[in-house]
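Please read the report below alongside the sequence and the coordinates. It covers overall fold, domains and selected helices.

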Amino acid sequence: MKKRKFGLVLSSVLAASAILGACGTKDEEKPAKDNASSGDNNTEETFSVAMVTDVGGVDDKSFNQSAWEGVQAYGKEHNLKKGKGGFDYLQSASDADYETNLNNLLRRDFDLVFGIGYMMADAVEAVAADNPDKHFALIDAEVKADNVVSILFKEQEGAFLAGVAAAKMSKTGKIGFVGGVDIPVINRFEAGFVEGAKAVNPDIEIQRNYTAAFDKADLGKIAANSMYSSGVDIIFHAAGATGNGVFSEAKERKAKDPNANVWVIGVDADQYDEGKVDDKTNVTLTSMLKGVNSAVVDFSNKAKNGEFPGGTTVVYGLAEDGVKLADSRGAIPADVQAVIDEYKQKISSGEIVVPEKVEK
Amino acid sequence: MSNRVINILVPIISIIIGLIVGAIVMVVSGYDPIQGYSALWTGIFGDSYSIGNTIRQITPYILAGLAVAFAFRTGLFNIGVEGQLILGWLAAAWVGYAFELPKIIHLPLALLAAAAAGAFWAFIAGFLKAKFKVHEVIATIMLNYTALYIANAVIKKLSDGSFKTERVLESASLRSPFLRELTDNSSLHYGILIALLMVVVMWFILEKTTRGYELKAVGFNQHAAEYAGMSVNKNVILAMTISGMFAGLGGAMEALGTFQNASIKAGFTGIGFDGIAVALLGANTPLGVVFGASLFGSLKYGALNMPNAAGIPEEIVSIIIALIIFFVASGYVIRVGLQKLSKKKEGQ
């Protein structure tokens with residue numbers, strides 16, 4: 001018996017090593033190549049950049065994706081490859097992973113590491129304090145440290161224009177706002193949207209709903225459903241991947257009834273493709289663009305040239321082109337567009353100051 | 001083949017099979033399994049930083065596993081560990097920042113608060129089961145949701161509309177500069193000692209006390225226990241309460257060690273549900289839970305390094321980790337196989 005059992009174990013081990021061994025040789029060339037290229041890169045003194053997402057992931061079709069596009073654009077500009085010595089990202093499955101992911105990237109010697117999102121503030125602060133010789137950039141939150149630059153956006157200014165557009169375009173006099181988690185960043189979207197809508201139509205009814213999540217499309221869909229059902233015709237979402245549910249609800253309604261007057265205003269990135277029902281119909285009125293991607297490219301280049309403004313907080317608003325409305329592709333008529341442009345001027349010049357918080 | 005040999009062989013073979021199937025998944029999806037597994041290995045044991053964080057990850061799993069296992073031994077299925085853990089988390093964080101006390105009082109007080117919060121939440125389910133025959137599975141599942149949203153609402157209230165509480169004070173923190181130094185700035189904290197102490201506590205209660213004997217007896221056969229003069233209802237409530245206490249302490253590990261605060265959660269942490277698997281892997285024994293938690297915690301933490309060092313996408317990593325756990329959990333099949341093998345031999 002013993003012999004036989006031993007044979008069984010031995011053969012299974014052999015089988016395992018054969019399988020593993022075969023794979024090993026097949027793919028061995030690839031890492032070798034990678035090493036060579038990263039070696040070359042190092043001799044050219046490249047400046048490598050990486051980012052850590054919050055729980056949304058780089059395919060959230062909004063915030064994280066925009067940042068990742070920025071990192072990729074920077075890499076393309078400087079002929080870098082994805083991976084060590086070039087550019088890369090790590091995705092966080094939960095808030096427990098932030099610090100580990102940041103540390104993992106530092107261990108791979110990335111020169112600049114971006115933390116994407118308000119929720120990352122604590123982790124960036126802790127890791128930056130442990131690694132004073134490394135550089136960090138934090139988007140959407142502020143950390144005071146010499147090796148961290150904080151990048152903020154005046155979301156309220158862009159959202160103000162979205163509010164103007166929605167109030168002008170609404171036929172029912174009811175518009176909606178779907179927010180992700182109830183945190184200061186999202187409050188800025190809400191405040192701007194409400195302010196903008198009231199500026200052009202003081203009597204407008206604005207329904208507001210916070211879903212308490214950035215990654216739950218089903219909650220976004222439910223929120224949109226109840227809003228559209230009660231007569232709302234335009235919804236502005238600031239909810240990351242949760243907002244994808246708002247789009248799917250609007251698209252379903254439009255597909256069922258081509259005359260249905262339902263619109264969505266997208267957020268962070270141009271979400272025109274999200275609103276596509278068929279070749280002719282699209283439910284995306286416009287999108288409020290947040291220039292996360294250009295800010296990422298901008299700061300990567302600054303840091304590469306040794307001009308990293310550590311310890312400072314940089315704010316992007318309408319005047320700096322950090323937030324704006326996307327091309328509506330004909331959905332917004334010229335007369336409404338003229339009103340939007342007028343407000344844009346007033347905000348850029350400082351004539352109108354948009355509040356960051358909704359007065360309750 | 002003796003039972004002892006089988007007992008040792010079964011987990012080893014199951015892990016090997018799990019690894020092989022995981023390797024096949026990697027090959028099929030075009031990644032190098034050797035690179036993948038070495039990334040997993042270095043992610044777990046690579047340097048002192050990884051080891052520190054792996055132990056940190058194991059800590060709440062041990063307590064969640066103990067909670068499930070303890071209820072199991074009394075014949076109760078406590079699915080509510082998640083909710084009990086969330087409330088323990090909240091209670092520990094609150095006591096941690098709201099009071100100013102010397103460490104010798106503050107830290108134990110915060111831990112006690114967490115244990116009490118978890119115990120209370122489990123007590124509700126135990127009480128309903130004992131008095132009104134409400135099945136504990138349904139009661140605890142529903143209590144998970146109430147716990148999650150109550151915690152979110154309370155955190156919002158405590159923090160004046162923000163999404164997290166203040167940081168716990170130094171006097172209530174489980175972290176220590178010494179452990180950080182030792183493990184290259186990892187978030188390892190003293191919680192592991194508390195978790196291991198609780199392992200001993202559970203073993204002591206079950207094996208060395210009359211009460212423990214009664215609890216187990218109820219678990220084996222309720223009617224027999226009742227006939228023997230034991231109060232089934234009392235033991236059901238007690239088992240749930242102690243189980244909830246372990247779960248609450250698991251939350252305290254996160255509040256006082258890993259995160260140093262409590263924040264609003266969009267969904268469950270998953271630790272409580274993983275605790276069910278940990279307990280089953282450990283055959284509901286205290287020592288077994290330690291092994292189960294070590295496996296779970298190591299894989300979970302080490303997996304973070306696979307996209308980092310080997311470029312394998314998270315989705316594939318999740319599949320591989322799930323496969324390994326799946327094969328370990330289905331060790332029974334391998335056990336039966338081995339026993340058949342040895343019986344055949346004896347027959348010849």
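In chain B, 80% of the contacts with a separation of 6 or more join residues 24 or more positions apart. Two residues are in contact if their C-beta atoms, placed from the backbone, lie within 7 Å. The model is predicted: local features need pLDDT of at least 70, side-chain atom pairs count only at pLDDT 80 or more, and totals for chains, interfaces and linings use all residues. Residues are numbered from 1 along each chain as its sequence is written, while chains are lettered from A and ligands numbered from 1 in the order in which they are written.

Chain B has 16 helices and zero strands. These are DSSP runs numbered from the N terminus: H or I of at least four residues for helices, E of at least two for strands. The radius of gyration of chain B is 21 Å, close to the 20 Å from the globule rule for 348 residues, so chain B is as compact as a globular protein of that length. The radius is taken over C-alpha atoms, and the rule is 2.2 Å times the number of residues to the power 0.38. The C-alpha trace of chain B spans about 65 × 60 × 35 Å along its principal axes. Of its 348 residues, 52% count as buried, meaning that 20 or more other C-beta atoms lie within 10 Å of a residue's own, with C-beta atoms placed from the backbone.

| Domain of chain A | Residue ranges |
|---|---|
| domain 1 | 46-153 + 294-302 + 310-315 |
| domain 2 | 155-289 + 330-348 |

The centres of the two domains of chain A, over C-alpha atoms, are 29 Å apart. Their contact takes eleven residues from domain 1 and 14 residues from domain 2. On the domain 1 side, helix 3 (residues 63-77) of chain A gives the most, with three residues.

Helix 2 (residues 33-45) of chain B has 13 residues and reaches 18 Å from first C-alpha to last, close to the 18 Å expected at 1.5 Å a residue. The expected span is 1.5 Å times one less than the number of residues. Its buried residues include P33(B), L40(B) and I44(B).

Helix 8 of chain A has buried residues including L219(A), K221(A) and M227(A). The buried residues of helix 8 pack against strand 6 (174-179), strand 7 (205-210), strand 8 (234-238) and helix 9 (243-256) of chain A. After helix 8 of chain A comes G231(A), with a positive phi near 105°.

How values were computed:
A residue is buried if 20 or more other C-beta atoms lie within 10 Å of its own, exposed if 12 or fewer, and partly exposed in between; C-beta atoms are placed from the backbone. Domain bounds come from an automatic or database domain assignment.
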